[in-house]
Amino acid sequence: METIKNRGISYCLISNGKKNDKLLMAVRAIHNTMRESDSLYDITIAGVVDAINGVNCIDATYEAENGYISRMRNMAAKESKYSTLVFLDDDILLNGDFYDTLKSYSKCKPWDILGVKLLLPDGGRCWDRATINPHTMIGYDDEPSSLLYQTGGFMVIRKCIWLNHQWADHLKFYEGEDVEYSKRLQNNGYTIAFDKENTAWHYDEGYQQVNMACLRKKDFGIVSECLHTENFKQLLNEVADV
């Protein structure tokens, strides 16, 4: 339950220590979206991470080296202070207006778990609104179904829900931890809402949207240059100034 004392937002990141430059950009992007807000927030990173000023860094080297991404997310969330949790991979950059848009959405629509547009640097989509069986992205305005899942790379969730329904510690990278978690949450009566007016970016040029799927280029022999959109270029400039 949200109280005045714990009202705020906690950003929970995980990292295997292989993308430190992007991790620092992700942290700067959080500060950027929060800098004109009077809301309380904190940032926690679990994984292989050096000390970062103003960030709670948790050593989860064993978990990171062995792919225990669900356990890492739970470790970060356990250290969080506030009533809203945002789970992020270490290469996810929040748009400059992310927090203000989230706050506006929350004032007019109730939600338990929330997704937003998750875009690649070239503007393609990255599993932001998707179903399993068939594994495909769906339209932003399509009606949700029990097949819907929220990608683990980006998820907003009420902390009171996470306290009772945590990530499955035993599930590793590429073991469908986000599908299992989404299904379990929905089976317990929670819904996955979506705000198509809000945006986060997956800063990985190794992916490309093909039809209604997001594919890792090297797995499918895709050879193409990733051209950054103007909006993504603007975000990079904003983050560089933080």
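In the predicted model, Met 25, Arg 28, Ala 29 and Asn 32 of helix H1 are in contact with Leu 235, Leu 236, Glu 238 and Val 239 of helix H8. Sorted by class, the residues of this contact comprise five nonpolar, one polar and two charged. Helix H1 spans residues 20–34 and helix H8 spans residues 230–240. Their axes come within 9 Å and cross at roughly 85 degrees. Because angles of 65 to 115 degrees count as roughly perpendicular, H1 is described as roughly perpendicular to H8.

Helix H6 covers residues 177–187, and its buried residues are Glu 177, Asp 178, Tyr 181, Ser 182 and Leu 185. Viewed down the axis of H6, these buried residues fall within an arc of 125 degrees, and they therefore line one face of the helix. Lys 183 and Asn 187, on the other side of H6, are exposed. After H6 comes Gly 189, which has a positive phi, near 95 degrees.

Gln 186 is likewise part of helix H6. Neighbours within four places in sequence being left aside, the contacts of Gln 186 are Ser 145, Ser 146, Leu 148 and Ile 192. Between the C-alpha atoms of Gln 186 and Met 155 the separation is 14 Å, the two residues being 31 residues apart along the chain.

A further residue considered here is Gln 150, located in the loop between E9 and E10. The relative accessibility of Gln 150 is 1%, and this residue therefore counts as buried, the cut-off being under 20%. Through its side chain, Gln 150 reaches the backbone oxygen of Phe 154 at 2.8 Å. When residues up to four places away in sequence are not counted, Gln 150 touches Leu 114, Gly 115, Asp 128, Met 155, Asp 178, Ser 182 and Ile 192. Of these, Asp 178 and Ser 182 are among the buried residues of H6. Ile 192 is touched by Gln 150 and is also in contact with Gln 186.

Key. Residues numbered from 1 in each chain as written. Predicted model: local features only at pLDDT ≥ 70, side-chain atom pairs only at ≥ 80, totals over all residues. Heavy atoms only, no water. Buried < 20%, exposed > 50% of the residue type's maximum accessible area, 1.4 Å probe, protein only. Helix = DSSP H or I, 4+ residues; strand = E, 2+ residues; numbered from the N terminus. Arc of directions from axis to C-beta. Axes fitted to C-alpha atoms, helices over the stretch in contact; angles between N-to-C directions. Parallel < 35°, antiparallel > 145°, perpendicular 65-115°, else oblique. Contact = heavy atoms within 4.5 Å. Nonpolar A, V, L, I, M, F, W, Y, C, P; charged D, E, K, R; others polar. Polar contact = N/O pair within 3.5 Å; in protein donor to acceptor, adjacent residues only side chain to side chain.
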